[in-house]
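Please open the model in a viewer and keep the selection tool at hand.

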Amino acid sequence: MNWHCKEVDEILHSLKSSEQGLTTDEAGKRLISCGDNTIKQIKSRTVLHMVLDQFKDFMIMVLIAAAIVSGIIGEPKDTIAILVIVILNAVIGFVQEYRAEKAIEALRMMAAQVATVIRDGEAASIPASDIVPGDLVLLGAGNITPADIRLIKVAHCKIDESSLTGESVPVEKHINRLTDNMMPLGDRKNMAYKGTVVSYGRANGIVVSTGMNTEFGKIATMLQEQIEVRTPLQKRLAKFGKKLAIAVLAICALVFGVGLLRGEPPLLMFLTAISLAVAAIPEALPAVVTISLAIGAKKMVKQNALIRKLPAVETLGSVTYICSDKTGTLTQNKMEVQEISISGKTIKLQSISTQRPAIDKLFLAMALNNDATRQKNGRCLGDPTEIALYRISEENEYKKENLLKDYPRVTEIPFDSERKCMTTFHRTPENGYISFTKGAIETLLEKSIDELNCEEKSAIDKENIHRMSEAMAQRGLRVLAFAMKEWTRLPEDLTPKKIETGLSFLGFVGMIDPPRKEVAEAVALCKSAGINPVMITGDHPVTAKAIAKELNIIDNEEEIVTGGDLEKLSINAFEKKVADIRIYARVAPEQKLRIVKALQNQGEFVAMTGDGVNDAPALKCADIGIAMGITGTDVSRESSDMILLDDNFATIIKAIRRGRRIFDNIRKFIKYTMTSNAGEIWTIFLAPFLGLPIPLLPIHILWINLVTDGLPGLALTAEPEEKRIMKRPPRHPKESIFAHSLGLDIIWVGLLMGGVSIFSQAWAIKTGHGSWQTMVFTVLCLSQMGNVLALRSEKESLFSLGLFSNIPLLGAIFLTFVLQMAIIYVPFLNSIFKTQPLTLNELFLCLILSTIVFWGVETAKWLRRRNRA
Ligand code: ATP
């Protein structure tokens, strides 16, 4: 449906008078007729694409071609068997990739934007995609505008339109006073456009276009380029893979040459060399990394960590500093006023009634300078600080909604964390004006010139107030002060500098915001894992310190740095001490960026939390930017790598723990695959030099690598975490994947595996066992099962882990064993795989030989454990 200006104007006028918004029914109908408020994505990969991609690898194509050619001139059975193996491998690959793609899709959906609209007369949070033309949308600082909106109410609203126009200075939005005629639709000053960011203030408006009809939608197709993000590990693996491929190809050429010299059939040697190359070049490793990360990320959602950027899962294990907000992340954000202080006296809640009327003006300020609202169902909506003030004033018969009838709010200067205060203007019953300002105690003391008590102004004793507020803060309370000013007429210039000055101090309150119960334990875990927790807060240093002590973030009298100190410190001086600072108080969000950079310059790997509009640069700059799911603004979420769905610090630690486990398991997968490959290469490469025939046929090589190796390898990703996972220091982000003896293990375990296989070949040939090839095939395949069991842990023995602690792996091993037995004993498969049934003695010998690798790896781990002790 096309929305003409006239229709929109009609809606604008009807809505302006009612301000009830659309009804759910009406919105539902419009959603059907106008479509989703989404930007159509360039078609992502189809299932068919995904299937075809499995065969896209160059070496696989060469193998298929070689198999077909050799089938035509040799044995067609070979061709069919090779094709079946390649298809089986593709099926395993496809299923995994499909699961990963679905997981990523699900994560994307969960991270989708929500918007606040008025539906059925009440504010409601709905998915931004459900917004329809005519919806009444409420915008606040930090929101990303969900559609093209014509503004009908504006309170100092500035919008950053750089995503649309490239202009980085936020644009101030205007409407002529509500009673005036509205500006024409084309005027950009009264429009908020989809994708732009509200950087300051608030506004309400009516949606005029959605989805592809928005300005953003019109240019969106130009902006859509699919950027493939590769994790650091993937990049390194891809680089390493290229080098390894060259080495493997050289070995294959050598195997081919030596085979020919020994008089083996050229076609067989050619196919052997190609099969070996296909099997040993680890071209699938980067893909496996994506799959493990995506599936891991999906599991992390259950622990309330929503990953927005996949590489974060991998890099979580490298975090050395977590810089966390206090309010809501370390604390519960369940504010409750506990104490009130007026005229140099601190009053407990129980004795408030005895203090009237002195306290009345303070309650008036609490109720009126407040953005919390009560919904029809009785629930309060708004910032927890505001809700606490709303409640306490309501309990004392100062109900905001009633008071607004006598003191309507005419304008306001919204809160921002740099000024640390907010002001509202109200008309008084006497037709004058009164402004109430509330904010941080030192800010209000600075702005106040006298004190108001029972309508009487008196001199203000700032020192005493300061002392009393410090005492309150020492008890861990959050202190908020109030002041007011009377005006005969509404000032023209509504800038904070002009308005928030010459105030009369009314008093202050202390609010309790208890630490989250689980955080102390998380902080301890964090420290044991070599990660430094740091508190960054806009709150008072004394309050910050009290909470930090309670949570054991600091042990003694460690240094607290305030935003003010930070301003004064030179970059060099700050960087010298940044590693030791555990608390930053009265910090403006912009300063967070400086903290991240200083830590990074010291070689630290920093996770930083943030929720406000000004946190975005720090979140982007941090190695892991963490946004809040409940209280976070759209911009902070968009700038983050991970979202805490419960805003809880403990969730970060859970995510790090999970990230470490995922990375460990990827390492185990790499180790397993590469030792197996090395084992095969050594077997085939060394045999001719020892005067033995080629030990395995191409089909055996492919079977081991593409089928039997794959299943246990994937089951390794289900491996439980290592016992001391949170007792070891963070992994250096640039550390090689082959560190901690992984590279060495690949070489020696591969050699051992190759050695055992060649031994079984030599022994079987020497003792006249006609089925020697089947024996080598079986020994190699089963050795890998032993290997996978032994490398489940880097240090612990399988017996202390418990054989049954990874059931999927046991299942995979069992299945592989059954398949191998089928190949040996089912006559039909014998002819395809060129195997012979083994006698019981031969099978028994194979089983014994194939445990050697298991015992070898277990012994190496035992030696490592002994060295550690
Ligand atoms: P954190 O940074 O840990 O999340 P915070 O909420 O204290 O904590 P800001 O939101 O930047 O950080 O607030 C800074 C200060 O501004 C607060 O300590 C308080 O003194 C004051 N303040 C907070 N909320 C309001 C509000 N709604 N109205 C007026 N002043 C406020």
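**First stop: helix 16**

Select residues 462-474, which form helix 16. Its 13 residues reach 18 Å from the first C-alpha to the last, close to the 18 Å expected at 1.5 Å a residue, the expected span being 1.5 Å times one less than the number of residues. Helices (H or I, at least four residues) and strands (E, at least two) are DSSP runs, numbered from the N terminus. This is a predicted model, in which local features need pLDDT of at least 70, side-chain atom pairs count only at pLDDT 80 or more, and totals for chains, interfaces and linings use all residues. Residues are numbered from 1 along each chain as its sequence is written, and side-chain values use heavy atoms, with hydrogens and water left out.

Within helix 16, colour N464, I465, M468, S469, M472 and A473, the buried residues; buried means under 20% relative accessible area (1.4 Å probe, protein chains only). Just after this helix, G476 takes a positive phi of about 80 degrees.

**Second stop: the ligand**

Now display side chains. A polar atom of the T327 side chain lies 2.8 Å from a ligand oxygen atom, while one of E386 lies 2.7 Å from a ligand nitrogen atom.

How values were computed. Buried < 20%, exposed > 50% of the residue type's maximum accessible area, 1.4 Å probe, protein only. Polar contact = N/O pair within 3.5 Å; in protein donor to acceptor, adjacent residues only side chain to side chain.
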